[in-house]
Amino acid sequence: MKKHLCLLISLIIFFFTACKEAPKTDVPLYEISKAATTDKAMVVSAHPHATNIGVDLLQQGGNAYDAAIGVQFALAVVYPVAGNIGGGGFMVSRTKAGEITTLDYREKAPAAAHRDMYLDSLDNVIKGLSINGHLAAGVPGSVDGMFKIFEKYSKLKDFKKLIQPSIDLAEKGFKITAKQAQNLNGKQDAFKTCNTTMPVFVKDMPWKEGDLLVQKDLANTLKRIRDQGEAGFYEGETADLIVKEMQAGGGIISKEDLKNYDAVWRTPLNTVYKGYNIISMAPPSSGGIALTQLLEMVEPYPIKDWGFQSQKTVHLITEAERRVYADRAKHLGDNDYYKVPMEELKNPDYLKSRMKNFNPDLATSSDSIEAGVFEPKESEQTTHFSIVDQEGNAISITTTINSGYGSKTVVTGAGFLLNNEMDDFSSKPGTPNFYGLLGAEANAIEPGKRMLSSMTPSIVEKDNKLFMVVGTPGGSTIITSVFQTILNVTEFGMTMDEAVAAPRFHHQWKPDKIMVEKDAVSPADRIALEGMGHEFLERGSIGRVDAILIKPNGKLEGGADPRGDDHVAGF
Ligand code: DON
């Protein structure tokens, strides 16, 4: 009897404790906001820690540029799938005075790279060689990019202040989200095969939400950058560790490659679409040219009346995208190495002529579409963040190590992942890369050349005032996601968070299919479009747009993509 009583009491205690503790599991790991309106300043990024570090720097009196540097380093720690110091990116910025600058800190091919480096003796592409492991890495540009931004624009003028929060997170660790646990678990085999020593991402038991990720080696690398400046990455101990890693794993990045890396200020590209001035990135990104082409091609049509994702709108946009990606495959590459016919590609008469064979009732087959012909002239991981500060400066940065966790290779002793950006080159004409994109001579590998990108960090002005800051990851779908987000606001009157969350679709010439997120097109419109000759391919989420809209009353409206852990905050 006594025994039974004991058992009963234990059971009651157990239930009470269980009930008392139950609510704990409902407490979210992070406060994540998908939509916000603020008076003065805002940061939207892929991780709450990174957003909060940016906001904190703004509150300390830093400007958008200070915050951007803080966010880039924070993402390298708390968002290793794409945030980086071992990759590169592009910044489009607009100062409060309206001055536009664009910075190219894209990776470069090492000096020992050559055009056939991923081909076997029969000239076939060796599967995976440009995607996994040491040989996939280009010379990283992110650290040089951050110092270029710091030197030109920092208001706080104290680099230590900008990088220290990231050092602390790497050293003490941070709790990973459920999505991050899932991503890390999915790459365990790849981490094991692509590394010469096991990185902190490899774990015996599966990762789970709330696990602490501590990155001591990365913290030490960040400290070297803090204490020695750029030389803390491109020279000395970090450079030694990178080169040692290359030698151990068959890579080709040398000390000279690292020392010679130089980010470049580029001339911004812009186009006017129905009174909005859309500013974006020049080559080696294809984003600015492609976005210009898309907007000009659809401008004559009443898509506002046709409606969001209606049969007519989807058909028109698909036909424009098909033609633009055909041009991308043939004509776009690093303009420093290959003469990109920029003026021709943006020429309004050319773009009109491209749409001459647009049939409002029928799909055009991609096989019948070739890139435009010009007279030769003489002579699926990335991350985006958007920031507006209290003074009115705006920054749009997309940064990447290419696919999820880049090459999956971590530099032993330095704790950061190397990119696999070399796959963005065309390894062989006619053979699609990781994103199914085709390329040609314009994007062939050459020593020192930058690989073509789709990253499209953009800023939109209206009446000469800042109107929107926008961008996204998503490989080949980046351009079309930015394009559709701009249309969602300017044509379909959505709020920023609605525009970011709205379902998306994508066409890239080849494969000749409209890729759609679930429910992006209604069943009736889909049947009608199939009747016109379009083929659909349903796929997972497309892009993660993080964007800010400036309302007529001056308030900031932010949208953080619900497809990820993205978070918007400000004041
Ligand atoms: O630069 C580019 O176009 C690619 N490396 C971007 C990769 C990317 O967006 C992956 N994210 N999902």
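Ala, Val, Leu, Ile, Met, Phe, Trp, Tyr, Cys and Pro are counted here as nonpolar, Asp, Glu, Lys and Arg as charged, and the others, Gly among them, as polar. The model is predicted: local features need pLDDT of at least 70, side-chain atom pairs count only at pLDDT 80 or more, and totals for chains, interfaces and linings use all residues. Residues are numbered from 1 along each chain as its sequence is written, and side-chain values use heavy atoms, with hydrogens and water left out.

**View 1. The shell around the ligand.** The ligand is surrounded by 16 residues (a heavy atom within 4 Å). The closest are Gln381, Thr382, Glu421, Asp424 and Gly475. The shell comprises 4 nonpolar, 8 polar and 4 charged residues. Domain 1 (35-88 + 99-262 + 392-443) and domain 2 (266-362 + 455-558) each supply at least three residues of this shell; the domain bounds come from an automatic or database assignment.

View 2. Pairs of N or O atoms within 3.5 Å are shown. An oxygen atom of the ligand is 2.6 Å from an N or O atom in the Thr382 side chain. A ligand nitrogen atom is 2.7 Å from an N or O atom in the side chain of Glu421. At Gly475, a polar backbone atom is 2.6 Å from an oxygen atom of the ligand. Of the 340 Å² of accessible area that the ligand has on its own, the protein covers 97% (Shrake-Rupley method, 1.4 Å probe).

**View 3. Strands β2 and β19.** Strand β2 (residues 42-45) runs antiparallel to β19, joined by 4 bridges (strands are DSSP runs of E, at least two residues, numbered from the N terminus; pairing requires at least two DSSP bridges). Val43 has Ala569 of β19 as its bridge partner.

Methods
Polar contact = N/O pair within 3.5 Å; in protein donor to acceptor, adjacent residues only side chain to side chain.
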